[in-house]
Amino acid sequence: MAKRRANGEGNIRKRSDGRWEGRYTAGYNPDTGKRIVKNVLGKTQAEAKGKLKAAVEQAQQVDMIRTDDYTVASWLRTWYELYSKPNVRPSTAEYYRRSIEQHVIPRIGEIKLNRLTSRDIQKLYRDLQENGRLREVQKSKNPGLSNATVRGIHMMLHNALDRAAKERLILRNPTEDCIIPKLVKQEMKILHPEDMGAYLQAADKRGVLPMFYLELVSGLRKGELVALRWDDLDTASRTISVSKQAAVRNGEITISRPKTETSVRRISIPQEAVDLLIQEHEKHPDNPYMFPSPKTGEEMYHPDSVVNLHKKILKDAGLEHIRFYDLRHTFATMALQNGVDVKTVSSMLGHYDAGFTLRTYTHATRQAQDEAAEKMGAFMEQMM
């Protein structure tokens, strides 16, 4: 696709009649989207260049007059409704909406769009890092938003202002000059092999062993786990089909396809997991969900309920706290350390490529490399 010329971009050439012509983009036809090209003429190159400069400035002023109708707040809401919400996943749209309404508009929403500077945005990021949290309980522990959250807001603003620049509402995107917070890599935690027995026993006592056993042998995301239906299990081939996920939107559970196509996958599970799932299904044979909510008996588990159950199981077993998501890390780490190749683990996790898996679980693959080095060393000793 050809790059659109900004108002004022043009060139100068000498015509066959001896005069110099400067051509420039004066705007775009609102109906067809085609460029409106105008020209200026001069007897000399310098004269044509001067006229072209004046015409460019006038064209830019015409564009900038239109932007007086927009504040940052009005543009972000326009961008969200027209360009973002219809084209992104519901979870992403909700994330953008909250970022706009709760974090950006209260701080810089009243600034005119064509007056917004990179300094205004940089101050926004600093304030979010220092005072961005909204809940009082969270504020007392840490009043600022994480670097990862601020980076997410930056990407949203970058996209919104990039669209404004393409529509000639601003001359350039001010986020281009901002310095965004660096990601702080957190230490990965896992459920260690020596603790798995106690963890699974505690899950069994609470009547949820099939769910958490499946989690440890598959590494499913919590939304994928609770969205499983009985017909997703193939007992003959011992596989689970992952084609949907549950998420909470405005207090209600919604079902959608996973975030990427690589997340739609078929996972092999051990026979022990199949047997446990069959036993679970026998408790509620008419329910389509693999793990019905104990509260309603009909709907699926609430994703947050699974997280809370995980916390209780850890407490019952006397184990240190790790996140539910760390069970996914546990599966990947144990699989890699027990000889499963990276590509297979990547496909089971639903990662977009094996390189991402390799970078994420360097600690696990490092152990495998150490073992390979020892084996090669032993082999080479026999050759000497």
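These questions and answers cover the fold, a helix pair, salt bridges and a surface patch of a predicted model.

The model is predicted: local features need pLDDT of at least 70, side-chain atom pairs count only at pLDDT 80 or more, and totals for chains, interfaces and linings use all residues. Residues are numbered from 1 along each chain as its sequence is written, and side-chain values use heavy atoms, with hydrogens and water left out.

User: How many helices and strands does the protein chain have?
Analyst: Helices (H or I, at least four residues) and strands (E, at least two) are DSSP runs, numbered from the N terminus. On that basis the protein chain has 15 helices and 8 strands.

User: What percentage of the 384 residues is buried?
Analyst: Buried means under 20% relative accessible area, exposed over 50%, and partly exposed in between (1.4 Å probe, protein chains only). For the 384 residues of the protein chain, the buried share is 40%.

User: How are helix H7 and helix H8 oriented to each other?
Analyst: The axes of H7 (residues 193–205) and H8 (residues 209–218) come within 8 Å and cross at roughly 150 degrees. Axes are lines fitted to C-alpha atoms, for helices over the stretch in contact (heavy atoms within 4.5 Å), and angles run from 0 to 180 degrees between N-to-C directions. Angles under 35 degrees count as roughly parallel, over 145 as roughly antiparallel, 65 to 115 as roughly perpendicular and the rest as oblique. H7 and H8 are therefore roughly antiparallel.

User: Which residue forms a salt bridge with Arg-97?
Analyst: A salt bridge is a side-chain nitrogen of Lys or Arg within 4 Å of a carboxyl oxygen of Asp or Glu. Here the closest N and O atoms are 2.8 Å apart. Both residues lie in helix H3 (residues 90–108), 3 residues apart, so about one helical turn separates them. The partner is Glu-94.

User: Is Glu-94 buried or exposed?
Analyst: Arg-97 is partly exposed, with a relative accessible area of 31%. Glu-94 has 14% relative accessibility, so Glu-94 counts as buried.

User: Which residues make the nonpolar surface patch of about 210 Å²?
Analyst: Patches are made of residues with over 30% relative accessible area and no salt bridge: like charges are joined within 9 Å, nonpolar side chains (Val, Leu, Ile, Met, Phe, Trp, Tyr) within 5 Å. Areas come from the Shrake-Rupley method with a 1.4 Å probe; for residues, only the protein chains shown count as cover. The patch is made by Val-248, Ile-253 and Ile-255.
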